[in-house]
Amino acid sequence: MKIFKEEQRFNQPWLIILILMSLLVPIGIIIKTYIEDPNSFSTSELLSIIGAIILASSILFLFKLSTRIDEEGIHYQFFPFHWSYKTIKWNAIDNAYVRTYSPLSEYGGWGIRGTAIWNTSSKGKALNVSGDVGIQITLKTGKNLLIGTQHEENAKNTIATYKLKFKQ
């Protein structure tokens, strides 16, 4: 029995640098205000405001895309939006394969895509964190789902193992 497991997070170096750079402006303004007029707020308020800004910016790092492929089907969870795995059973799948895609032009970026705001009629839904390789799933209902992966070969091999289950 072959099993594919993967966990991905938003931990790309460019993203971390971008978030750190974006923290400099509001924290700089708060500190400058406090230095110019220490009576504008107390030291504890200053630290609370800076802490809140840092906490709000770091919430993105809690997000996690988990994928599992096994004999039952393809399971996915995009925490904190999904508190448990969503399962697509093999008998509900018309086709599944690994492909290269363009996150920006096909889905408008990374994260959970395919809402009413982004064109859902042709591409369907996408769950991705980074990169441009994904597991493309076409359901027997005609709906499409793409789940990003960083382990292209392992995903391909595992899907090939179970391909007969959804070709029946």
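Entry 1: I looked up E36 and found it exposed, at 58% relative accessibility. My cut-offs: buried is under 20% relative accessible area, exposed is over 50%, and partly exposed is in between, with a 1.4 Å probe and protein chains only. The side chain of E36 meets that of K32 in a salt bridge, 2.8 Å from N to O. I count a salt bridge when a side-chain nitrogen of Lys or Arg is within 4 Å of a carboxyl oxygen of Asp or Glu. E36 and K32 both sit in helix α1, four residues apart, which is about one turn of the helix. Helices (H or I, at least four residues) and strands (E, at least two) are DSSP runs, numbered from the N terminus.

**Entry 2: ground rules.** This is a predicted model, so I note that local features need pLDDT of at least 70 and side-chain atom pairs count only at pLDDT 80 or more, while totals for chains, interfaces and linings use all residues. Residues are numbered from 1 along each chain as its sequence is written, and side-chain values use heavy atoms, with hydrogens and water left out.

**Entry 3: other salt bridges.** By the salt-bridge rule I get seven in the count. D70 and R68 form one of them, at 2.8 Å from N to O. D70 is buried at 4% relative accessible area, whereas R68 is partly exposed at 23%. I then checked R99, which bridges to E106 with the closest N and O atoms 2.8 Å apart. R99 counts as buried at 18% relative accessibility, and E106 counts as buried at 13%.

**Entry 4: greasy spot.** Back on helix α1, which spans residues 13–36, I stopped at I17. I17 is exposed, with a relative accessible area of 51%. Together with M21 and L24, I17 forms a nonpolar patch on the surface, with about 330 Å² of accessible area in total. Patch rule: residues with over 30% relative accessible area and no salt bridge, where like charges are joined within 9 Å and nonpolar side chains (Val, Leu, Ile, Met, Phe, Trp, Tyr) within 5 Å. The areas are Shrake-Rupley with a 1.4 Å probe, and for residues only the protein chains shown count as cover.

**Entry 5: a loop serine.** Is S130 buried or exposed? S130 counts as buried, at 15% relative accessibility. S130 is in the loop between β7 (125–128) and β8 (133–139). Leaving aside neighbours within four places in sequence, S130 is in contact (heavy atoms within 4.5 Å) with Q8, Q12, W110 and Q150.

**Entry 6: a hairpin.** I followed β3 (residues 73–79) into β4 (residues 86–89): they pair in the antiparallel sense over four bridges. Pairing needs at least two DSSP bridges between the strands. There are six residues between β3 and β4 in this hairpin. G73 has K89 as its bridge partner in β4.

**Entry 7: zooming out.** I see five helices and nine strands in the protein. The C-alpha atoms fill a box of roughly 75 × 35 × 25 Å along the principal axes. The radius of gyration is 21 Å, whereas a compact globule of 168 residues would have one near 15 Å. I took that radius over C-alpha atoms, and the globule rule is 2.2 Å times the number of residues to the power 0.38. Of the 168 residues, 38% count as buried.
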